[in-house]
Amino acid sequence: MLTISGLVVVGGLIYAGSKVIPQAATIGLKQLPRTIRTGVSRLTSIGRRQPLVYHLEKELPIVSPALQNANRAVSFASIGLGLAAIGAITSPVLLVATIPLSLYYFWPTYHSAYRTLRDERRITTPVLDATRVTVCIVMGYLFSAALNAWLESLSQRMLIQTKENFDRTVGTHFGQKPESVWLFQDGAEVEILLEELQPGAVVGVATGEMIPADGIVLYGAAWVDERMTNGSEIPVWKETGSQISAETTVQQGQIFIEIYDPPTLDTVANIRNTLQQSASNWTFAQQLGERSGDSMAPFSLLAFFLTLPVWGANRAAAFLTTSFGIQMRTLGPYLRHNFVDLAARQQILVRDARGLEMANLVNTIIINAETVVDPAHHKDIKEMLYQLRQHPWPMKQTSSQPFAIYLLATGAKTGTKAQEVQALAAELGFDDYFVEPLSLQKAALIERLQSSGRFVCYVGNGVEEAIVMEKAFVTVSCQGASTITKDTAQIVLLTPHPGKLDRLFVLATQFAAKEGSSILWPFVMDIVDISTTVFMHLGLVYSLLMNYSGFFASAISGRAPLSRHMGKRPGEDTSSDFDPIEKQISGSF
């Protein structure tokens, strides 16, 4: 009787089963403690070289309330879809039973539509959605309503799951501020709260744990990841007598530290907050999509009412499924979470995702000379400059200004300082150099360049150059994570030099491409849907499938090609980026 229903019902019932069973298990798991200690025995004597016994913790798959609600919504929507499909084939009673489920799921949509009409006096997408569901229920298209609820629940769960994955990976990459530490006292280790830790205390830190405060290693040895403090990608060997800093992480080994200062673990929390805020901020593409969808909503509603007497509700309701870009309300956060996460894996902190969009318009890069003076980084700088020149800059085709990379230094415009900057620029391969005595002169230089048609990306020291960065089109800081809350740059490199700047622009190009496809796919599906509705009578089920196929096609396009090694240079091994650095420490013990 319903060909499409027969195809969908199997998938709906299978999906419902796959969700309901794990849901029960999850409800049971959430009653247990967050961590189960699987090996609590630690070194009870210190000063002897012996096999290390690690303090291990096994993380349980904690499901957040938001994801639990999303899973529950998918389960209910799947059950409703299954009942509607079976009812359409066998008994209408089952179809009627789906009405409460559909109304329950779309109740927030009705509330949003009412609030928009009452407060803003305008037609928006929620009004279209509420009208569509009402038409389905009043006219008896109950299978269409159930299918709509099921597809919408899947899309919302996808967004929530992406956010959950983002929060989890941010916690993995940038650590978690410990709630407690292990105090070595009277020959044994005692677990105390972090705020109870005092200077002079001796604490034990094992593999995977964060150093709670500055101190000195009394016993033991370990490889320590200092990425959060100095941007170094290579772990440092720490042993008895070594100074050690807070917010670094033990990659392998175990050490006992005498604490100098009270715990100060603000950097990690600031990074996490910055990334989460960046992922929640709107981008220009999302604003464009939402404005387009909302502006087209009144015309879609008008088209529905005009064609209703001629075509009937089932056919005319196709106009109520069109989005015209409004799906960026969901796809925008989805893409931002993916790309902010991907950038963080490559030691690039995106404070404002709009910086990734704007980076595609850059045709001039100015780098502060102070960030490239260390000879140890010159090889990376030269490779970065080479890769930047190979990058397909979009503005090359539209601007008369040639792509250029300049070196900018502070000092006298003539004399020894200018000669040193000139020699450094020539050695590294910059197109030209500038020397200005003050920050105000640097800002004026950037302003002049931009008034001549250049879109400048300035790479500097963040907090120290706020005046200069205000004038640049895109701003990048090499200051690192320690001053991230004060930094005015849109993007922060964790490395103390711009050697990975080329990766940022590769990410920016990919981000713009994914945003473009996220707007294009739904538009294409809307045009196809409207065209086929005008010339053929395919009905509301077809229109719903077309609409959501555009959405899911955009989601797949925005996710599938992403690689954690995006921006990898030829011959470069990035297998250790933000992972336990096994290659670098293998064979050291």
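Predicted model: local features only at pLDDT ≥ 70, side-chain atom pairs only at ≥ 80, totals over all residues.
User: Which residues of β5 point one way and which the other way, and are they buried or exposed?

Analyst: Val202, Gly204 and Ala206 point one way, Val203 and Val205 point the other way, and all of them are buried. Residues are numbered from 1 along each chain as its sequence is written, and side-chain values use heavy atoms, with hydrogens and water left out.

User: What makes β5 largely enclosed?

Analyst: Buried means under 20% relative accessible area, with exposed over 50% and partly exposed in between (1.4 Å probe, protein chains only). Five of the five residues of β5 pass that test, so the strand is largely enclosed by the rest of the structure. As for the label, strands are DSSP runs of E with at least two residues, helices are runs of H or I with at least four, and both are numbered from the N terminus.

User: How do you know which strands pair with β5?

Analyst: Two strands pair if DSSP finds at least two bridges between them. Strand β9 (residues 249-259) is joined to β5 (residues 202-206) by five bridges, running antiparallel. Strand β3 (residues 180-185) also pairs with β5 in the antiparallel sense, over two bridges. For landmarks, Val205 has Ile255 of β9 as its bridge partner, and Trp182 stands opposite Gly204 in β5.

User: What else pairs with β9, and how covered is β9?

Analyst: Strand β6 (residues 215-225) pairs with β9 over 10 bridges, again antiparallel. There, Gly220 stands opposite Ile255. As for cover, eight of the 11 residues of β9 are buried, which leaves the strand mostly covered.

User: Why is Val456 called buried?

Analyst: Val456 has 0% relative accessibility, so it counts as buried. Val456 is in strand β14 (residues 456-460). Contact means heavy atoms within 4.5 Å, and, not counting residues up to four places away in sequence, Val456 touches Thr364, Ile366, Ile446, Leu449, Gln450, Ala472, Phe473 and Val474. Ile446 is 10 residues away from Val456 in sequence and 7.2 Å away in space, C-alpha to C-alpha.

User: What makes a group of residues a nonpolar core, and how many residues has the largest?

Analyst: The set must be buried Ala, Val, Leu, Ile, Met, Phe, Trp, Tyr and Cys residues, joined through side-chain atoms within 4.5 Å. The largest such core has 52 residues, and Ile365, Ile367, Leu501 and Phe505 are those with the most contacts inside it. Leu501 touches Ile365, Ile367, Met384, Leu388, Val459 and Val476, leaving aside residues up to four places away in sequence. Apart from that core lies another, of 38 residues, including Leu81, Val135, Cys136 and Ala317.

User: Why is one space called a cavity and another a pocket?

Analyst: Both are sets of points on a 1 Å grid over the protein atoms alone: in a cavity a 1.4 Å probe fits but cannot get out, whereas a pocket is an open set with protein on both sides within 12 Å along at least five of seven lines. Lining residues have an atom within 4 Å of a point. Points are joined across faces, edges and corners, and a volume is the space filled by probe spheres set on them. By this rule there is one cavity of 30 Å³ or more, and the largest cavity has a volume of about 80 Å³. The second largest pocket has a volume of about 980 Å³.

User: What lines the largest cavity, by element and by class?

Analyst: α3 (92-120) gives the most, five residues,. By class there are eight nonpolar, three polar and no charged residues, where Ala, Val, Leu, Ile, Met, Phe, Trp, Tyr, Cys and Pro count as nonpolar, Asp, Glu, Lys and Arg as charged, and the others, Gly among them, as polar.

User: Which residues lie nearest the centre of the second largest pocket?

Analyst: Tyr105, Thr109, Asp129, Glu152 and Gln156, out of 36 lining residues. The largest share of that lining, seven residues, comes from α5.
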